[in-house]
Amino acid sequence: MKVLGISGSLRRDSHNTSLLRAAAELLPDGVELELWDGLKAVPPYDEDDDLAEAPAAVADLRKAIAGADAILISTPEYNHSVPGQLKNALDWVSRPLATSPLRNKPVAVVGASMGAFGAVWAQAELRKVLAAIGARVIEGEVAVGHAHERFDEQGRLTGDDLREQLAEVVDGLVTVTRARDLLAA
Ligand SMILES: Cc1cc2nc3c(=O)[nH]c(=O)nc-3n(C[C@H](O)[C@H](O)[C@H](O)COP(=O)(O)O)c2cc1C
């Protein structure tokens, strides 16, 4: 099983990208996480450019999502909401709605922020956006507050409580994806 990890941050030392790496270490045998790193190349959504031949970065994202069994998104919070670059990429992938690769795709959302609340508002808004696109949004949340204090020098998540929460979300994502695949077989 392949899980595509999408970080909502473009920052080189992003805590959200670190959170995805921490999730990769918690995956059961037979499940791999591939980090998608093309977010910065996705152009601003323009319906005039939304043609049969999509911009390369958009085509790349659509292909990466279609080729994955499940998606794990880690989002920062910008002004209590989803960062524009992440929302923009999802807007591209949402069209046309009927054939969006996110439709019925199991997706889990986690997040990290420097504030105390760990991007809870951004995560809630992201789940709402994903549901509007028709993704199968997995329950469960990991809110890494004070993120600058929650990763060690190697970028590893510190604190058993957070690692346990992350493991629960990852398990939920894998379980739902396996159940869906069994039903489809
Ligand atoms: C434009 C902007 C808005 C932000 N707004 C919030 C916010 O509403 N709540 C919060 O907790 N942190 C906020 N932050 C701080 C981010 O949580 C912090 O930069 C975080 O480390 C970003 O995630 P990253 O490490 O994955 O890049 C904001 C940062 C930026 C650049």
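His146 is partly exposed, because its relative accessible area is 35%. Partly exposed means between the two limits: buried is under 20% relative accessible area, exposed is over 50%, with a 1.4 Å probe and protein chains only. His146 sits in the loop between strand S6 and helix H5. Its phi is positive, about 45 degrees, although His146 is not a glycine.

Some ground rules. This is a predicted model, where local features need pLDDT of at least 70, side-chain atom pairs count only at pLDDT 80 or more, and totals for chains, interfaces and linings use all residues. Residues are numbered from 1 along each chain as its sequence is written, and side-chain values use heavy atoms, with hydrogens and water left out. Helices (H or I, at least four residues) and strands (E, at least two) are DSSP runs, numbered from the N terminus.

Another histidine, another positive phi. His80 lies in the loop between S3 and H3. Phi of His80 is near 65 degrees, a positive value in a residue other than glycine.

Now a partner of His146. Ser113 contacts His146, and also Glu77, Gly118, Ala119, Val144, Gly145 and Ala147, leaving aside neighbours within four places in sequence. Contact here means heavy atoms within 4.5 Å. Ser113 is in the loop between strand S4 (106–112) and helix H4 (120–133). Is Ser113 buried or exposed? Ser113 counts as buried, because its relative accessibility is 11%.

Stay in the loop between strand S6 (143–144) and helix H5 (160–184), where we also find Arg156. Arg156 counts as partly exposed, at 43% relative accessibility. Arg156 touches Glu25, Arg150 and Phe151, not counting residues up to four places away in sequence. Look at Ser18 too. Arg156 and Ser18 are 138 residues apart in sequence, yet 6.9 Å apart in space, C-alpha to C-alpha.

Next, the ligand. How many residues surround the ligand? There are 13, and the closest are Ser9, Arg11, Ser14, Asn16 and Asn79. By type, the shell has three nonpolar, eight polar and two charged residues.

Arg11 places a polar side-chain atom 2.7 Å from a ligand oxygen. Asn79 has a polar backbone atom 2.8 Å from a ligand nitrogen. Gly115 has a polar backbone atom 3.3 Å from a ligand oxygen. On its own, the ligand has 620 Å² of accessible area, and the protein covers 72% of that. Those areas come from the Shrake-Rupley method with a 1.4 Å probe.

On to helix H2, residues 56–66. Its buried residues are Ala57, Val58, Leu61, Arg62, Ala64 and Ile65. Why are they on the same side of H2? Because they cover an arc of only 165 degrees around the axis. The arc is taken from the directions from the helix axis to the C-beta atoms. On the other side of H2, Ala56, Lys63 and Ala66 are exposed. What do the buried residues of H2 pack against? Strand S1 (2–7), strand S2 (32–36), strand S3 (70–75) and helix H3 (84–94).

The bond joining Arg95 and Pro96 is cis, with omega about -15 degrees. Pro96 is in the loop between H3 and S4.

Methods
A residue is near a molecule or strand if one of its heavy atoms lies within 4 Å of it. A polar contact is a pair of N or O atoms within 3.5 Å; within protein, one must be able to donate a hydrogen and the other to accept it, and residues adjacent in sequence count only if both atoms are side-chain atoms. Ala, Val, Leu, Ile, Met, Phe, Trp, Tyr, Cys and Pro count as nonpolar, Asp, Glu, Lys and Arg as charged, and the others, Gly among them, as polar.
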